[in-house]
Amino acid sequence: MMKRVVRLISGLNRRMMKLLFALALIAYIACKYTNLDCFDIVVSPLREKIRDLEQSFSQKYPPVKFLSEKDRKRILITGGAGFVGSHLTDKLMMDGHEVTVVDNFFTGRKRNVEHWIGHENFELINHDVVEPLYIEVDQIYHLASPASPPNYMYNPIKTLKTNTIGTLNMLGLAKRVGARLLLASTSEVYGDPEVHPQNEEYWGHVNPIGPRACYDEGKRVAETMCYAYMKQEGVEVRVARIFNTFGSRMHMNDGRVVSNFILQALQGEPLTVYGTGSQTRAFQYVSDLVNGLVLLMNSNISSPVNLGNPEEHTILEFARLIKSLVGKGCIQFLSEAQDDPQRRRPDIRKARMMLGWEPVVPLEEGLNKTIQYFSRELEHQANNQYIPKPKAARMKKGRPRHN
Ligand SMILES: NC(=O)c1ccc[n+]([C@@H]2O[C@H](COP(=O)([O-])OP(=O)(O)OC[C@H]3O[C@@H](n4cnc5c(N)ncnc54)[C@H](O)[C@@H]3O)[C@@H](O)[C@H]2O)c1
């Protein structure tokens with residue numbers, strides 16, 4: 001009984017604590033000031049209440065580890081309602097930390113983190129990182145930025161502002177409160193690479209005025225800002241150069257290869273391959289990335305680290321694999337996209353040696369999980385009679401609201 005009470009109390013919020021305390025007080029007074037042998041009568045409703053509360057707690061939230069005050073960190077995740085950010089939120093919450101998600105919901109959505117809303121360790125703030133933020137935290141995972149080409153090209157100026165002013169604001173916050181900041185950078189800082197595979201020493205080959213420049217150059221300058229704050233202000237920084245990642249909660253219409261192919265196959269449409277399909281990509285499953293981000297944050301490596309899966313496939317191979325896993329679809333070739341990198345594959349020797357990290361989820365296993373997620377989403381949309389429109393079609397209507 002005592003153990004259950006202690007476990008329950010550690011999961012209660014202040015309001016619930018007050019309620020329980022009031023009930024206990026009433027029970028105590030009733031026992032003390034009446035001559036009735038009423039202990040059981042008064043205590044049994046209390047016992048039932050505890051059981052109900054216990055049930056409602058265990059039903060509502062995924063299990064959360066208990067961490068002592070000393071080990072529990074206050075963690076800010078910008079872009080935490082997005083694809084990667086929401087999985088990172090899950091991991092850090094389940095590890096027992098206090099997590100604050102800051103998001104302007106440009107590409108993220110509440111649904112990705114709704115299972116934590118109301119939990120005493122969790123807070124969700126609707127905020128644009130282009131505006132300053134004042135909050136007390138120990139660590140900042142700075143992920144806020146649209147990540148897929150249609151999303152970051154939709155409003156290039158906003159993409160630049162998010163990656164520059166937004167990063168400056170988060171570094172300023174890190175400096176003020178003495179927090180460590182991890183920047184979610186990207187393999188796009190290598191541009192269309194001339195060396196293969198790409199290691200962290202490579203400086204990149206980026207077209208500064210091409211359609212992808214707002215994102216590529218935005219992330220490059222964000223890295224520069226991190227090291228300026230580290231050298232000049234002593235801010236502790238970590239920089240993860242993330243390679244293509246996939247998994248559940250990816251945006252269905254974000255125009256990235258994996259989501260495009262899965263969605264097209266599930267809907268019985270042709271899988272569209274740009275150019276000959278000989279360009280290569282290497283995809284990691286999201287849980288591998290999240291483990292790498294947490295390891296990097298808690299390591300002492302301040303220089304950039306590649307996080308990606310070195311298993312390289314041509315786009316055509318991906319199309320064929322997804323087509324066979326879904327069991328339908330055909331392949332259609334379209335003209336090549338501008339500035340589409342020809343080869344992309346991370347050199348992850350640094351992550352292996354210094355973090356002891358490498359991807360462990362096999363490609364097919366990750367793809368199967370993602371296909372299941374997309375099927376459920378399509379079903380959900382059909383049941384809600386929601387007809388998905390391509391993002392670009394919605395975006396053409398006017399200037400974005402999030403600027
Ligand atoms: N997914 C990948 O393959 C990949 C690869 C390389 C790098 N990254 C980086 O990882 C991070 C997360 O990517 P993702 O795939 O989860 O993308 P995502 O679009 O799902 O998530 C980005 C989140 O940032 C939020 N956001 C955007 N602008 C914001 C602003 N101004 N203020 C507050 N919130 C804002 C969005 O609403 C969204 O929730 C990004 O920084 C991205 O550049 C991702």
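Where does Phe105 lie? Phe105 is in the loop between β2 (98-103) and β3 (122-126); helices (H or I, at least four residues) and strands (E, at least two) are DSSP runs, numbered from the N terminus.

## About the model

This is a predicted model, in which local features need pLDDT of at least 70 and side-chain atom pairs count only at pLDDT 80 or more, while totals for chains, interfaces and linings use all residues. Residues are numbered from 1 along each chain as its sequence is written, and side-chain values use heavy atoms, with hydrogens and water left out.

## Backbone details in the loops

Let's stay with Phe105 for a moment: its phi is near 60 degrees, a positive value in a residue other than glycine. Arg249 is not a glycine either, and has a positive phi of about 70 degrees. Look for Arg249 in the loop between β7 (245-246) and α8 (257-266).

Another loop, between β5 and α7, holds Pro197. The peptide bond from His196 to Pro197 is cis, with omega near -10 degrees.

## Around the ligand

Now to the ligand, which is surrounded by 31 residues (each with a heavy atom within 4 Å of it). The closest are Asp103, Thr107, Leu143, Tyr215 and His251. By class, the shell divides into 14 nonpolar, 13 polar and 4 charged residues; Ala, Val, Leu, Ile, Met, Phe, Trp, Tyr, Cys and Pro count as nonpolar, Asp, Glu, Lys and Arg as charged, and the others, Gly among them, as polar.

Some polar contacts (pairs of N or O atoms within 3.5 Å) can be picked out. Oxygen atoms of the ligand are 2.8 Å from a polar backbone atom of Val84 and 3.0 Å from one of Phe106. A nitrogen atom of the ligand is 2.8 Å from a polar side-chain atom of Arg256. The protein buries 98% of the 820 Å² that the ligand exposes when taken alone (accessible areas by the Shrake-Rupley method with a 1.4 Å probe). Two or more residues of the shell come from each of α4, β5 (180-186) and α7 (213-233), and β5 gives the largest share, 3 residues.

## Where two helices meet

Helix α4 (residues 83-94) also meets helix α9 (residues 286-297): their axes come within 10 Å and cross at roughly 65 degrees. Axes here are lines fitted to C-alpha atoms over the stretch in contact, with angles from 0 to 180 degrees between N-to-C directions.

In this contact (heavy atoms within 4.5 Å), the α4 residues include Phe83, Val84 and His87, and those of α9 include Val286, Leu289 and Val290. The contact has 9 nonpolar, 2 polar and 1 charged residues.

Definitions and conventions: Polar contact = N/O pair within 3.5 Å; in protein donor to acceptor, adjacent residues only side chain to side chain.
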